[in-house]
Amino acid sequence: MNFIKSPISIAVTTTLLTFASVTQANESTDIERITVTSSFNKQSLAQAPTSIAIIDQQKIAEQGIQHFEEVINGVANLNFSGGTSRPKYLQIRGVGERSEYRGAPNSSVGFIVDDIDLSGLGMAASMYDVQQVEVLRGPQGTRFGANALAGLIYIKSKDATELPEHGFKVTLGNDDLINVAGYSSGAVTEDLNYRISLEQHQQNGYRDNLYLNRDDTNGIDEFSGKFKLQYTATEDLSVDFTYIFADNDNSFDPWTLDNNGFNTITDNPGVDNQKSHGGALKFSFEGLSFAKFEAISSYTTTEHQHAYDGDWANADYWASKSCDGAPCEYSYLWDKRADRDVWSQEFRLSSNDASRIFDNTTAWLVGTYISKMNEDNDLDSFYNGWEDEILDSTYSANNYAIFTQLDSALSYGHELSVGLRVEKRSTDYSDSAGDEFDPSETMWGGHIALSKIINNEHSAYVRVARGYKAGGFNMDLPEQLIQFKEFDTEVLVNYELGLQSNMLNNTLVSRLALFYMDRQDQQVNASQQNPDKPQQFTIYTANATSSSSYGLELELTYQVNNNLTIDSTVGYLNATYDVYGYSDKYGTNIDISGRDLAHAPSYTFSLGSTYRSDNGVVFNVNWSGKDEFFFSDSHDEKASSSNLLNAKVAYELADWSISLWARNITDEKIATRGFFFGNEPDLDWVAKKYQRFGAPRQIGVTFDYNF
């Protein structure tokens, strides 16, 4: 079977069938009930004029999803870079970071949990007690600004309830997996409701360190929770408070010199820790005669540490190798610690029924946004026992934005949405090496979207959106790269057509988006290994002239009968550089104009089915896959195309369920990160391909009780 052609053929065929069925509309007036919570004004997914994937609580439960990492493969045109213990660096339609080795965070993909900004810190993403995950593809310049050039991940946890709800869940599995979680929700008083959830997740991490005789040097140890209060102060005033925390005390030992993937020999395994606390306070007041007023305050504080054994072996191993006729000596440790604080304040005024403008056809919204980020970094590395790179840095970024949106009901069933955001950003950076930067700039983005309900079954939209990503700087560059000290703002313009359909008495739901993206002054991450000091790398960002991308996202859900549901997603992406070249470690220019962008597979797909018998037995199977893709823009090595097969069988009663599940049933080695460089002195530091692989086959059992 040709997996390159097959998903595209499926998408084209389904599209033609979908358009053909417009003339066969029945009289059903039901519409899709899923609500998009990340928009300014909550709206039905069927009426949202943009490409959004929503993974709701039912799908999370049916597939036994524990962490956002397990969501990624089921979302069209979403990928990640596996350089951390949990996915932190994401790419939407081929746009996004793959790493961050220095201290100046500037995300292309936003990551928000209940109005709390965790962009660039996506490890804190447990799926326990989550209502839904929303993946917004394409620039979100009006709503979210600079941190959403590629799109946005929005995780909405379950709200507090007036009626009491309680439950707990226990999971056991191979790799010494233990997961214990519980929640409680209900009324404190007539006007005050609460919800609290806690989860402890532990496993050994599917790596055996043969040198240390340990099986937990790549382990996961995560404790997380959420606390919500919902207060109805008056008929017009409501207050919502959310507190989240995550204590991820994870190890990091994934790399092997021989690319076996799972048996390591390091003597100083690394860590990948993240301790985050965040809070959001939202006031909603509808007592004004002319508008609804909302104020959202949020604060996040995070300590994170990423460290690894850079020689990927041990002193005895290297001493057994020959370097110029003598035993090799190679030891390298890299350790970065950072403290990040993010504060934001947003105010919005939105029209009510009495204040719509243009003859009562247009709803309006205006708002302001302020945010401040501070991050202190402490980077230490040691080569053969000596200090190699020591760098302490301080970074701050201040953002000020004003935004507006108009949503108009036009004639003949058309809806027009126009949004604009103007944002001022100023940054300040200094480090112990003497680098100082304080760039400041004003950026703008927005959207124009025209949509129409064609009939009871179909709606369509056309959308143009402009996104932006702030420029920046590169610290500690060698003389030959001094021209890259600073880089410019990137701009992305996205053109999109969409068709959303509910057919066959709403048993078949489809969402199709066709897009073209034009990126100007694209920011490209590049790296060079120092030929004189091969343990050192220069990592910097430069501007490519431009790149262009086009593709599609198609999602189908078919309710075959009361017992059987089938759902599928297909993503196609052609993302290439127009003109770009980089220099290798010897200064030779390598032209990759016309080449695919890194971490941008040409196709992604998933196909799943859930069967619920009348006697409580539930069976779910899900197959997903992606095409090969380049690991980096600085070399030509690729990850192979891959497929992942998961399944779950459960027995459910009214209050409890027990399930047996398996992930990666075929035990496929799936590469999530790769490098091409020299890391073996006995081979004279000759460049070689190294890969990190995802988890092998996983099997477990889960008991879930709700009362």
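These are my notebook entries on one predicted protein model.

**Ground rules**

I'm working with a predicted model, where local features need pLDDT of at least 70, side-chain atom pairs count only at pLDDT 80 or more, and totals for chains, interfaces and linings use all residues. Residues are numbered from 1 along each chain as its sequence is written, and side-chain values use heavy atoms, with hydrogens and water left out.

**Entry 1: the whole protein**

I began with the secondary structure and found three helices and 46 strands. Both are DSSP runs numbered from the N terminus: helices are H or I with at least four residues, strands are E with at least two. Next I looked up the radius of gyration, which is 26 Å, close to the 27 Å that the globule rule gives for 707 residues, so the protein is as compact as a globular protein of that length. (That radius is taken over C-alpha atoms, and the rule is 2.2 Å times the number of residues to the power 0.38.) The C-alpha trace spans about 85 × 60 × 55 Å along its principal axes.

How much of the protein is buried? I got 55% of the 707 residues. Buried means under 20% relative accessible area, exposed means over 50%, and partly exposed is in between, with a 1.4 Å probe and protein chains only.

**Entry 2: salt bridges**

I noted to myself that side chains of opposite charge can pair when their charged atoms come close. A salt bridge here is a side-chain nitrogen of Lys or Arg within 4 Å of a carboxyl oxygen of Asp or Glu. The structure holds 37 of these bridges, and I looked at a few.

Lys-228 and Asp-114 form one, at 3.6 Å from N to O. This pair links distant parts of the chain, 114 residues apart: Lys-228 sits in strand β14 (residues 220-232), while Asp-114 is in the loop between β6 (109-113) and β7 (116-117). Buried or exposed, I wondered about Lys-228? Lys-228 is buried, with a relative accessible area of 6%, and Asp-114 is buried too, also at 6%.

Then I checked Asp-159 and Lys-156, whose side chains meet in a salt bridge at 2.8 Å, N to O. Asp-159 counts as partly exposed at 30% relative accessibility, whereas Lys-156 is buried at 8%.

My next pair was Lys-638 and Glu-628, with their closest N and O atoms 3.1 Å apart. They link distant parts of the chain, though 10 residues apart: Lys-638 is in strand β41 (residues 638-639), and Glu-628 is in the loop between β39 (617-626) and β40 (629-630). Lys-638 is partly exposed at 28%, and Glu-628 is partly exposed at 36%.

I also found a network: Arg-93, Arg-137, Glu-496, Arg-511, Glu-553 and Glu-555 are joined by salt bridges that share partners.

**Entry 3: a charged patch**

Which residues form the negative surface patch? I listed Asp-428, Glu-436, Asp-438, Glu-486, Asp-488 and Asp-521. Patch residues have over 30% relative accessible area and no salt bridge, and like charges are joined within 9 Å. I zoomed in on Glu-436, which lies in strand β25 (residues 436-437) and counts as exposed at 64% relative accessibility.

Asp-324 isn't a glycine, yet its phi is positive, at about 55°. I found Asp-324 in the loop between β19 (322-323) and β20 (326-327), and with a relative accessible area of 86%, Asp-324 is exposed.

Trp-685 has a positive phi as well, near 55°, and is a residue other than glycine. I placed Trp-685 in the loop between β44 (671-677) and β45 (688-693). With a relative accessible area of 16%, Trp-685 is buried.

**Entry 4: two distances**

Lys-585 is in the loop between β36 (581-583) and β37 (589-591). Lys-585 is partly exposed, with a relative accessible area of 25%.

Last, I turned to Thr-541 in strand β33 (residues 537-543). Thr-541 counts as buried at 17% relative accessibility. Thr-541 and Gln-528 are 13 residues apart in sequence and 12 Å apart in space, C-alpha to C-alpha.

Definitions and conventions
Patch = residues over 30% accessible without salt bridge, like charges linked within 9 Å, V, L, I, M, F, W, Y side chains within 5 Å. Areas by Shrake-Rupley, 256 points an atom, 1.4 Å probe, with all protein chains shown as cover. Lys, Arg positive; Asp, Glu negative; His and termini not counted. Charge placed at Lys NZ, Arg CZ, Asp CG, Glu CD.
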